[in-house]
Amino acid sequence: MKIARLSRRQRLLANCAPISEERMNDRSMRAAVFCARGSGEFANQQRFDRALAALVQSVPIPPEIEEWFSSENLVPRSKWKWKMAQNPAVLAVAIALAVIAGVFVLQFLEHRHDFPGAETARKLLMVAASTRSVLLDPVRTDAGALGDLFFMKHQLEHYDVPPAFADFRTLGCRVFDDDEGHRVAQIWVIEKRNAVFPLSRREKCQDRRRLGVFGLALCRAGRLDRSGAREKWCLFYGGVAWPGKRPGTICFENEGIRHSR
Amino acid sequence: MLGDARKAQEVLGATLREATLRSANGETPSDPFWLFRDARWRCLETSEHGLQAEKVEFQEHDLSPSAPAQIERLDVNQLAIWISAAPEPQRTALALFYLDEFNHREILSLAELKIGEISRLLANGRRQFQAWLNTTVPQREAK
């Protein structure tokens, strides 16, 4: 078999046949070499090439050049490339992570001053904020006197307004059932148009410490804070309320909902 | 490609310096052969200065079965000088094929040649080298 029997393309490829078969990673080249393998001319070419390659391999490398390549990390690669940050995929992932982190931070900041019963307190604050005066029965008296009214009109036994707020002048009151079926009394007082909620019966709160710390909870932007008198005030009591773990916060406990501290 | 160890070392140093700078600036090209391409152009530029090989018509002989024995008797510097004296782009093709053992596709990319040209340059190079071998190391001596 002579190399002349190969097609023109195969002849061209056979002339460029790699010296080492390991370098033969091209299908058309493998086919050309396979066809040319039987020819003496191609065998001569291969021997010639290998002999030259062996001669090249024997070229001594000058010591100074050898020194340059003594370290595998001739050019240390930086771990982080600025170009990597410009990659749209990397950019998208980074933005997504930043947004997720931002949401978590906001959530954390929002709930930092939370206390047991905060959810119930928020619901009642929303009710207080959305209540219109027409929904309440007009009652102009001292808040302390409403305990009797609740007992006589709504059969709410022992729903007493704490003495601290007994002197507040009222505008109106009503009794309604909350989402969980608990009866809630709401009182509007003149001072700063406050809404007062007796939530629980007094005898269920025997802990004097708890009863002694009934206080005002500031409602603003969904956060409850005990400090400051310049804001709109909403008062919750009846369940239990006590100072929160953090200064300036107040904790609530609704009847029927027991929250751990 | 240069036939001169000192010039070759200078070109290698300059190429590596360029590679280091590019790498440090994060400007390494995506072309995997850019270092060889750069080195080749530097070699061509350098070879334009100084002594130039005389343009002669090389004789061509068929490859001989005793060529490996003839090559064995050669000094490696003789091979380097012979390749460096070859005209461009044959010199590039021979250097990339024999010195760096690139395959034909890589040489096509590096030397910007067509397959027909590379094939002709390599085949002619072998026949011319055989002719030179026959003169330098006669076959009877090699045997």
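In chain A of this predicted model, strands β2 (residues 170-177) and β3 (residues 183-189) are joined by 7 bridges and run antiparallel.

Turning to chain B, we come to a pair of helices. Helix α1 (residues 5-24) packs against helix α2 (residues 34-47) with an axis separation of 10 Å and an angle of about 140°. Because an angle counts as roughly antiparallel when over 145 degrees, α1(B) is classed as oblique to α2(B). The two helices cross in a right-handed sense. From α1(B), the contact draws on B:K7, B:V11, B:A14, B:T15, B:E18 and B:A19, while α2(B) contributes B:L35, B:D38, B:A39, B:R42, B:C43 and B:T46. Sorted by class, the residues of this helix contact comprise 6 nonpolar, 4 charged and 2 polar.

The two chains also meet one another, with 28 residues of chain A and 29 residues of chain B taking part in the contact. On the side of chain A that touches chain B, the elements giving two or more residues are α1 (8-15), α3 (40-57), α4 (63-68) and α5 (82-85). Of these, α3(A) supplies the largest share, with 9 residues. The class make-up of this side of chain A is 18 nonpolar residues, alongside 5 polar and 5 charged ones.

Notes:
Residues numbered from 1 in each chain as written. Chains lettered and ligands numbered in written order. Predicted model: local features only at pLDDT ≥ 70, side-chain atom pairs only at ≥ 80, totals over all residues. Pairing = 2+ DSSP bridges. Helix = DSSP H or I, 4+ residues; strand = E, 2+ residues; numbered from the N terminus. Axes fitted to C-alpha atoms, helices over the stretch in contact; angles between N-to-C directions. Parallel < 35°, antiparallel > 145°, perpendicular 65-115°, else oblique. Left-handed = near helix turned anticlockwise from the far one by under 90°. Contact = placed C-beta atoms within 7 Å. Nonpolar A, V, L, I, M, F, W, Y, C, P; charged D, E, K, R; others polar.
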